[in-house]
Protein chains: 2
Amino acid sequence: MSIVNRLNQKASLSALGRVLASASGVLPGASFTKTAAAGQSFAGYSTSTSNTSIRPDETSHPIDNSSKGPTGVIDIPKRYLMGPGPANSYERILLAQAQPLLGHLHPPMLKIMDEIQEGLRYVFQTKSKYTLAVSGTGHAGMEAAIANLVEPGETVVVGNKGIWGERVADMADRFGANVVELKKEAGKTFSYDELKEAVETHKPAVLFLCQGESSTGVQQSLAGLGDLCEKNGTLLLVDTVCSLGGVPIFADDWKIDAIYSGAQKCLSAPPGSAPLFLSERALQKLKSRKTKVRSYYLDMNLVGDYWGWYNSRSYHHTGMVSTWYGLREALAIVAEEGLEAMWKRHMACHEQLWEGLSAMGCKPFVQDPKDRLATVNTIVLPEGTDAMALIKNAMDTFNVEISGGLGPTFGKVIRIGLMGANAQPATVALVLDAVKDGLKKQGKL
Amino acid sequence: MSIVNRLNQKASLSALGRVLASASGVLPGASFTKTAAAGQSFAGYSTSTSNTSIRPDETSHPIDNSSKGPTGVIDIPKRYLMGPGPANSYERILLAQAQPLLGHLHPPMLKIMDEIQEGLRYVFQTKSKYTLAVSGTGHAGMEAAIANLVEPGETVVVGNKGIWGERVADMADRFGANVVELKKEAGKTFSYDELKEAVETHKPAVLFLCQGESSTGVQQSLAGLGDLCEKNGTLLLVDTVCSLGGVPIFADDWKIDAIYSGAQKCLSAPPGSAPLFLSERALQKLKSRKTKVRSYYLDMNLVGDYWGWYNSRSYHHTGMVSTWYGLREALAIVAEEGLEAMWKRHMACHEQLWEGLSAMGCKPFVQDPKDRLATVNTIVLPEGTDAMALIKNAMDTFNVEISGGLGPTFGKVIRIGLMGANAQPATVALVLDAVKDGLKKQGKL
């Protein structure tokens, strides 16, 4: 037995635990190669020199061992992720992801899925049965919402005030929708009257808006839109990827029909699961579709059945076991802190950030104060500042990630995210120190 | 500051580390509520009693705190996952998932993605540039393969000899393909001649086969199919979800065009990433499509660009940071053990299992010995055995998961998986003990 095999076996036995050794009576040191060498070929394969399960009609080849991929144990540098996301996770959440695996239909796993649904009801502020975590990152949630709520040929009005509206328009087009794009210049939001006119004119199946547009740093008002959409037979779909848990939302009271989000922003879980909410009206739409959802992986008729939406539990795909442990733990932290405290914390950090930035001569990219998003801040540096040099200095000197602009803000701003575990006064102070140091080094302070 | 907030802040500070406190000069105990109370409302919001970032035109509501979701710290029972998957992970892989997060475009993250691609080249045995991990579970890999390689109206010949062929047929139908299903009774595989006739008759764009059909426990021969497909202008797509790393495959030598897999089987990583391989010929097909891929999340023109397939790196979606740490570590373990050793280990465990099972009067469901899959075994119990009672006893007494049948084998077999970290002699001995105990308790031994 090679050293590597022995190491692996040791790792395995360590993971599988003491119960194994005592229950099975097999000594930890027992060599499986002995068993293999016995050549008891019950399975009917000829005991070849290779003794792998290559079929007798298949041609074997010398294994190419010239490049095998990663070597050594993974080693990750610690960084403060204060761009637009992912944000850092609490240690408790990361450790949850190191818990042993469960089967995707084991009762303790189903209990965790129930807890996730209940925790999501709380952050969405809904009593709807229809919450779950899509098995993918925020974009999977986005695609799930569009794929399930829109049929080919139907009209979608997409509020496009940054990169997310663009992406939703692209997705809706791929799913065969008739896309009507409402454009808004970077740094501004849509007024109720503009949206009212669009909805009444096009009577769309879906109106899409992004609550927290991280590419421009604006927060879209959702006031009155639920009633407007209901009256016009439209479903109101809202992107909350970088706002959920950081900014108020009341899914039921505001009559929103569908919300998706990402786990890796204000909820502080690692990326990989996308919270999703559907209203009763959205579910009715799903159930009365004339065509199949154009995705199997994201078909909420099937995924919902795995999550117990329809009072049973069917296998659909193997759930994201470790990732869901992390999301469950993140939602437990939300429950313990409480939503109002979280919203206040994000707002307080936003104010702390701008107190500091304004003292350094930085200006908000978003002109109208009430349009400014608390969680992702777009910042215009003092004239003549080399933004890329400042960003590089923050990483090199402070291990702090600050981000440049994206899409319509590319080259115009820096972006600082204050989300979840990073919306803390100490972290805000650190990122301010990093900006200050960058400005000083460029003679701007 | 409430106890909960203080706990969270403590957790956060612990996670963010000592550097933070020393670099920023902020005391760990400093209260952010004090900052908030100062009411320096730079951002322009009125300092309301709530002081959240609700917009002035939006209506606030009392937060519904009646049910907040999960409480307490997550606690997972340890189990031996010896069904058809997920299998247990090595502890080293689980711990990798607890490493601090990186941004999805940070150079150390891109290096991990490069390592994953290189490690996948090794397990696929290919020199193709086009390997990556799809951001989802095995089904996402399946959907990605179909969505990218098939255009609406094109023909797909689906080898359906269990549940996976059925699912691929369903997916291909959703993507607008003309699906030709070849059916085969449960427990048997397709002969080369049957496949040759189908390919020559239908000249399909894609021929789909599942190498390791976990619902029936068979291993499909891939001999000669690469040449056959090439000659007929067909792409050969192979599902290796429960076979990759456990059973020989030579992507280049066998002229396979596309392979997808799952991380949670023989590779021992947790579920959440789906290894994918495309040949040069498959990539040409992707690049010469007349229609857009009917998915944004899975469009390999875009995802491939995030992974560096086209010599640049573009943001597409936020990658599965922690999950990829785990996959990287799993591939490092593969590289250290070596593929041939892994294949032998799986075969040796398969033989050890059947030696034990046959001594207890259990019989293989798969009649032809060379069709038997080493990694997932379908087992006919002695007549009159209550399979569900045996499965329940294994879990209750040994913490061992054994699975029932699925799809065409439902109610007919039990299934035992010997994959990755669980393909060890001690683990096989344990599952044999569990079967023996179950049979004894039912008077069958």
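Three bridges join strand β3 (residues 155–160) of chain B to strand β5 (residues 206–210) of chain B, and the two run parallel. In this pairing, B:Val156 stands opposite B:Val206 of β5(B). The model is predicted.

**Strand β3 of chain B**

- The chain gets from β3(B) to β4(B) by way of helix α7 (residues 163–174) of chain B. This β-α-β crossover is right-handed.
- β3(B) is mostly covered, with six of its six residues buried.
- B:Thr155, B:Val157 and B:Gly159 point one way from the strand. B:Val156, B:Val158 and B:Asn160 point the other way. All are buried.

**Helix α10 of chain B**

- Helix α10 of chain B spans residues 280–287. Its buried residues are B:Ala282, B:Leu283, B:Lys285 and B:Leu286.
- What do the buried residues of α10(B) pack against? Their partners in chain B include two helices, α6 (138–149) and α11 (300–306). Strands β8 (235–239) and β10 (274–278) of chain B are also packed against them.

**An open sheet in chain B**

- Four strands of chain B form an open sheet, in the order β11-β12-β15-β14. The pairing is antiparallel.
- Which strands lie at the edges? They are β11 (363–364) and β14 (403–404) of chain B, and each pairs on one side only.
- β11(B) pairs with strand β12 (residues 376–380) of chain B over two bridges, in the antiparallel sense.
- B:Pro364 stands opposite B:Ile379 of β12(B).

**Chain A as a whole**

- Chain A has 445 residues, and 66% of them count as buried.
- Its secondary structure comes to 15 helices and 15 strands.
- Take the contacts in chain A with a separation of 6 or more: residues 24 or more positions apart account for 71% of them.
- Chain A exposes about 14,300 Å². Carbon and sulfur atoms supply 53% of that area.

**A:Asn393**

- A:Asn393 lies in helix α14 (residues 387–398) of chain A.
- Is A:Asn393 buried or exposed? A:Asn393 is buried, because its relative accessible area is 12% and the cut-off for buried is under 20%.
- Which residues is A:Asn393 in contact with, leaving aside its neighbours within four places in sequence? They are A:Phe398, A:Ala434, A:Asp437, A:Gly438 and A:Lys441.

**How the two copies relate**

- Two copies of a chain are related by a rotation about an axis and a shift along it.
- Here, a rotation of 180° with 0.0 Å of shift along its axis superposes chain A on chain B. The RMSD is 0.0 Å.
- That is the relation of a two-fold axis.
- The same surface serves both copies: of the contact residues of chain A, 100% recur in chain B.

Terms used. Residues numbered from 1 in each chain as written. Chains lettered and ligands numbered in written order. Predicted model: local features only at pLDDT ≥ 70, side-chain atom pairs only at ≥ 80, totals over all residues. Heavy atoms only, no water. Buried < 20%, exposed > 50% of the residue type's maximum accessible area, 1.4 Å probe, protein only. Contact = heavy atoms within 4.5 Å. Right-handed = clockwise from strand over helix to strand, strands pointing away. Pairing = 2+ DSSP bridges. Least-squares fit on C-alpha atoms with pLDDT ≥ 70 in both. Areas by Shrake-Rupley, 256 points an atom, 1.4 Å probe, with all protein chains shown as cover.
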